[in-house]
Amino acid sequence: MSQTIGRTRLAYSRAWHHVSLASPTTPSLGRLASRIAILLMGKHKPIWDPSTDCGDYVVATGCNDVLVTGKKKEQKMYYKRTTRPGVMKSLSMESMIRKWGGGEVLKRAVRGMLPKNRLRDKRLDRLKVFEGEAHPYRTNLMRFEGRIRRVEPEFKPEVLKQTSI
């Protein structure tokens, strides 16, 4: 049997998923990041292969309402290392949200969930984060709040008037 069955262009097409962090049923940051990482890698598809990039796009809105449990906003620290010895800067999650927004926190969490290989940056580029609910990708979304969005074709009456010979 051929190895290429099911590996068609349609199978590798990328869908757009929408995740709203403002909804009351949104899971906490770690659970949400692992679900987003699965969509970015393409592990939900039957053609998934670790060496190929077959993941989808993810649009996350309402990132200013990121949910964390416990005292993580005050206690979780993000570290930045420089080239100079003995110089390491630290930043708490709370100050990171104030400085760069909740989207940066979500991106760093998803980045930690992705495999550490040459595809990680390409996959992370397909994650689009927005602080509010407005975003420019509304026309691209196929899945919105877990439901498949159906686009109805336009009805053109002049096509019906044409007669074939």
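The legends below describe close-up views of a predicted model.

Local features require pLDDT of at least 70, and side-chain atom pairs count only at pLDDT 80 or more, whereas totals for chains, interfaces and linings use all residues. Residues are numbered from 1 along each chain as its sequence is written, and side-chain values use heavy atoms, with hydrogens and water left out.

**Figure 1. Secondary structure of the protein chain.** The protein chain contains 6 helices and 7 strands; these are DSSP runs numbered from the N terminus, helices being H or I with at least four residues and strands E with at least two. Along the sequence the elements follow the pattern β-α-β-α-β-β-α-α-α-β-β-β-α. Of the 165 residues in the protein chain, 33% are buried (buried: under 20% relative accessible area; exposed: over 50%; partly exposed: in between; 1.4 Å probe, protein chains only). Among contacts between residues at least 6 apart in sequence, 63% join residues at least 24 apart, a contact being heavy atoms within 4.5 Å.

**Figure 2. The largest nonpolar core.** This core has 26 residues, where a nonpolar core is a set of buried Ala, Val, Leu, Ile, Met, Phe, Trp, Tyr and Cys residues joined through side-chain atoms within 4.5 Å. H1, S2, H3 and H4 each supply at least two residues of the core, and the largest share, 8 residues, comes from H1. Leu 29, Ile 36, Leu 106 and Val 110 have the most contacts inside the core. When residues up to four places away in sequence are not counted, Val 110 touches Ala 33, Ile 36, Ala 37, Leu 40, Leu 124 and Leu 127.

**Figure 3. Helix H3 and its surroundings.** Helix H3 spans residues 93–100, and Met 93, Ser 95, Met 96 and Ile 97 within this helix are buried. The cover over the buried residues of H3 includes helices H1 (29–41), H2 (72–75) and H4 (102–113), together with strands S3 (77–81) and S4 (88–92). Gly 101 follows H3 and has a positive phi, near 95°.

**Figure 4. Salt bridge between Lys 45 and Asp 56.** The closest N and O atoms of Lys 45 and Asp 56 are 2.9 Å apart; a salt bridge is a side-chain nitrogen of Lys or Arg within 4 Å of a carboxyl oxygen of Asp or Glu. Both residues lie in the loop between H1 and strand S2 (57–61), 11 residues apart. Lys 45 and Asp 56 are both buried.

Figure 5. The structure holds 6 salt bridges. Glu 104 pairs with Arg 108, with closest N and O atoms 3.1 Å apart. These two residues lie in helix H4, 4 residues apart, which is about one turn of the helix. Glu 104 is partly exposed at 26% relative accessibility, as is Arg 108 at 34%. Asp 121 forms a salt bridge with Arg 111 at a closest N and O distance of 2.9 Å. Asp 121 belongs to helix H5 (residues 120–125) and Arg 111 to helix H4, so this pair ties together parts that are 10 residues apart in sequence. Asp 121 has a relative accessible area of 45% and is partly exposed; Arg 111, at 32%, is also partly exposed. Salt bridges also link Arg 14, Asp 53, Arg 123 and Arg 126 in a network.

Figure 6. The whole structure contains 3 aromatic pairs. Rings of Phe, Tyr and Trp (its six-membered ring) pair if their centres lie within 6.5 Å; planes under 30 degrees apart count as stacked, over 60 as edge-to-face and the rest as tilted. Phe 130 and Tyr 137 form a tilted pair, 6.0 Å centre to centre with 50° between the planes. Tyr 137 is partly exposed, at a relative accessible area of 21%. Trp 16, Tyr 57, Phe 130 and Tyr 137 form one aromatic cluster.

**Figure 7. Lysine charges over aromatic rings.** A charge sits over a ring if NZ of Lys or CZ of Arg is within 6 Å of the ring centre and within 35 degrees of the ring normal. The charged end of Lys 43 sits over the ring of Trp 48, 5.0 Å from its centre. Lys 76 is placed with its charged end over the ring of Tyr 78, 4.9 Å from the ring centre.

**Figure 8. Cysteines Cys 54 and Cys 63.** Cys 54 is buried at 0% relative accessibility, and Cys 63 is buried with a relative accessible area of 0%. The structure holds 0 disulfides, a disulfide being a pair of cysteine sulfur atoms within 2.5 Å.
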